[in-house]
Amino acid sequence: MKQNLMTNLRAIWGRAYVRIVGANREPSWLFFEVLLPLLAVFGFAMIYRGLGAPEQYIGFVVVSGAMIAFWQNILWSMAAQFYWEKEMGNLELYLIAPISRMSILLGMAIGGIFMTAIRAIGILVAGTFVFGVAYQVTNWPALILVFFLTMSAIYGLGMLASSLFMLFGREAWHTANLFQEPVYFLTGFYFPVRSLGSLTAMAASAIPLTLGLDAIRQLIFSGNAVNPLFTVRTEVLLLIVATVILNWAALKALRYMEYLGKSTGRLTLKGQ
Amino acid sequence: MEWAIETQDLRRTFRNRPVRRLLRRAVGGPVQDHVALDSVDLTVQPGELFGILGPNGAGKTTIIKILSTLLLPTSGRAIVDGLDVAREPESLRRRINMVSGGEHSGFGILTVRETIWMFAQFYGVPTKVAHARADAMMERLGLTEAADTKTSKLSTGMRQKMNIIRGFVSDPKILYLDEPTLGLDVGVAREVRAFISEWMHEHPERTVLLTTHYMAEADSMCDRVAIIDKGRVLACDTPASLKRELAPDCVYQIEVPLWTDGGNPLDELAVVRSAAMEHRGDQGRTHIRVILEDEAGIGAVTSRLAQRGARVLSVNRLEPSLEDAFLNLVGHGLSSGNGENH
Amino acid sequence: MGRFRSLIRSLMTAGRLEWAIESNWADPFLFMTYQVVRPVFGALILVVMFKVVSGKPASDPAFAQLYVGNAFFILVTQVLLGLGIVIFEDRERFEMLRYIYLTPMGLGVYLAGRGLSKIVSTMAAILITLAVGSLFFGIPYSMGIADLPNFVAALFLGTIATLAIGVALAAMSLGMAQNGFSMPEGVSALFYLLTGAVFSIDILPSWVAALGRLIPLTYWLEAIRRSLLHRPYIGSLANMSDAQVLLTLSWTTAATVMASWGILIAARHYVISTGKLDQKTDH
């Protein structure tokens, strides 16, 4: 048991190392991963300004822009990475090693956290400065708790997605692409999710990001524009449930997808 | 006796995906499944360097993938170090490792030393131990100077040396080498083979399963060789025994002027067990390597050649090689197999 | 004539490759769904944003301008992202880039061919988005026969400009590490800001708006809107006639094509002299 744990911890560190080293050796990420995503945030902020929206909506866009950084890190730098690794020939070497697949994924996520955090902070700072966003944080401990719960829940979702990437390769990549806009729409990245109507909003709360964003908005902004879905307390409880369910489902899915891949011979099939 | 590796009636079939099968049926195309392995029975003793020799598409890589837990057999069993590959893969992974020829795994942004260290972490090797092992192996393979070079800048030979070290650094009980010298120049290939042989000598309890389509490699390195073609094991024995099965005086090399008429002039000659032609246009010669049923058959061979207008320039009797044994069993050269994509 | 035929053949081959790669990953049904779901949901985001802020229905003329601009901007996003991926995939994943480089066809034609295929498939997405706009949101298109030549000319020129920008960005990617994967997305976002895709550039600071007026896509979207909705969108361009908008689109497109060609030549020279054509940078 102890040997297993040590091996998996070493694996997490080994895989995270690549990302950390990559960030230092190719500093161009600062431009591509920070400055350019800022432009997308500015775009939506300007749409609201062009429509004459209350300034709070611009604040929503800035905060969402920061959260998108984490979402994209989970989806593209972790989940989809199995597709790239399969093409590179690394996946089969991970699979024959005596480690959990989750260790590799966690290593990728942790390794990317540094870049992602810089991107998120950059968007927050630049967006706040350029658009003069005002925050009224009412409860810092709750905000930190909600943030970490959201991260663990979407991490579970990301691992679930990675099992699909492992097996289906390019299909999964396109499917993730396919759901990018629907996810942004349904999770209320750019507007309070309640604007979609109560029923749709309730359904959308199945995505942990919806709950996380809604709670974060309630804790950072005040006023009617926030239009919350549930109370923060309810959303925290739901996030805990989502974290448990999604991580458990991810473990099962990874095992099942690997089994499926090994049975059909697609696990190491390249160029799909 | 407990075998290091044992396969029992191992079979692996690859089927088309359901939608593609339907579409193919709809347009009247073939929907045949591909049988990559067909009732393969193999045993490998602990401490053996066991070779699997066969043309492209024979099923060598498929066997490796099953034994390394990357692929499930369709039927049959494979047991490695007493563990069933299908039922106990997690326990098995601690004891094995794998290196393939022409591998491009790793990350271009890491150095050689970092890449080896990273993969060692996946096997729980402590950092100090990993570095010590890596340094020793890099020294033996002449890679020390390139230790801090990014892998994206390595030549093919250096990259494969790094891959080899990656496979050995976890000190596996059983190591799979899938065409480890593929695409390497003579010098580098020799270094790699020497390294493997030395490692086996220093670790007599370890087992290596090597797949190759280089005859000389199998002949010189392996304790025993299984010859495989179209998913079936045709023979399995020591290289010496496989050669001995052919009567020593039945292999001849005949030289004729360059044969341009197409086909094989010795077709359907009963006394000829197999004949392989090698055309050397620059010399204006064709060399025909024949394996005869009987030494006396050489007369019939030269007569046939004369009938077909091929003047016999020389006839040399040869010691049979593993290549001859292979030709004898398989009936064709290594280059005429189908590509193996699984 | 032989060279022209060879060029067309190369373009078509590259186009067919793009089609095969993009359509190979899924069943045809799913592939078509992909052409619908992303753009429609992208449009829905705007619908909700508009409704939430203004309280007006989607059939409001102000929304129509926003909707049409967004619908056609899909072309820019798809082409830029699509061509941006080509270099990284061909270089790092498929290791084909060097072989493409060596062909008589050359990289420029290869990228243009793949871009053209992307354009064709994206047109379907644009049409579907426009149709959804009319059927579900009551967008009042009013293009008559007289508007058709303008529309076709604008569409043609805008497509050329988009392709040229895509090829230029792909060329710039040649010398970049894997991180540059997100550059086309970022540049697409920049154009989203500067070309009046979903808001008039007049609300931007004057020096920023001036930059926007140098980009052919600004005139492209303006010309398309005028053809479909009979209303100018960008206030500062309101004094230009349709012909003047088209003329400005023409010369800015020509300048973009020439700049793109120059970038391609410079990028090719850079990667060959530094040995970066084959570099592997994934982590």
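This is a predicted model: local features need pLDDT of at least 70, side-chain atom pairs count only at pLDDT 80 or more; totals for chains, interfaces and linings use all residues.

**Stop 1: chain B.** You're looking at eleven helices and 14 strands. Along the principal axes, the C-alpha atoms of chain B fill a box of roughly 70 × 55 × 45 Å. Colour by burial and 52% of the 342 residues in chain B come up as buried. If you draw contacts in chain B with a separation of 6 or more, 72% of them link residues 24 or more positions apart.

**Stop 2: two helices in chain A.** Now pick residues 140-168 of chain A, helix α7, together with residues 232-264 of chain A, helix α12. Their axes sit 8 Å apart, and the packing angle is about 20 degrees. Angles under 35 degrees count as roughly parallel, so that is what α7(A) and α12(A) are. Their crossing is left-handed.

**Stop 3: the largest nonpolar core.** Which residues touch the most other members of this core? Select A:F165 and C:F72, out of 276 residues in the core. Then highlight residues 61-93 of chain C: this is helix α3, and it supplies the largest share of the core, 18 residues.

Zoom in on C:F72. Beyond its neighbours within four places in sequence, C:F72 contacts C:I126, C:L130, C:F151, C:L155, C:W220, C:L221, C:I224 and C:L228.

**Stop 4: another core.** Finally, select B:I254, B:L269, B:V271 and B:V272, which are among the 14 residues of a core lying apart from the largest one.

Key:
Residues are numbered from 1 along each chain as its sequence is written. Chains are lettered from A and ligands numbered from 1 in the order in which they are written. Side-chain values use heavy atoms; hydrogens and water are left out. Axes are lines fitted to C-alpha atoms, for helices over the stretch in contact, and angles run from 0 to 180 degrees between N-to-C directions. Helices (H or I, at least four residues) and strands (E, at least two) are DSSP runs, numbered from the N terminus. Angles under 35 degrees count as roughly parallel, over 145 as roughly antiparallel, 65 to 115 as roughly perpendicular and the rest as oblique. A crossing is left-handed if the near helix is turned anticlockwise from the far one by less than a right angle, and right-handed if clockwise. A nonpolar core is a set of buried Ala, Val, Leu, Ile, Met, Phe, Trp, Tyr and Cys residues joined through side-chain atoms within 4.5 Å. Buried means under 20% relative accessible area, exposed over 50%, partly exposed in between (1.4 Å probe, protein chains only). Contact means heavy atoms within 4.5 Å.
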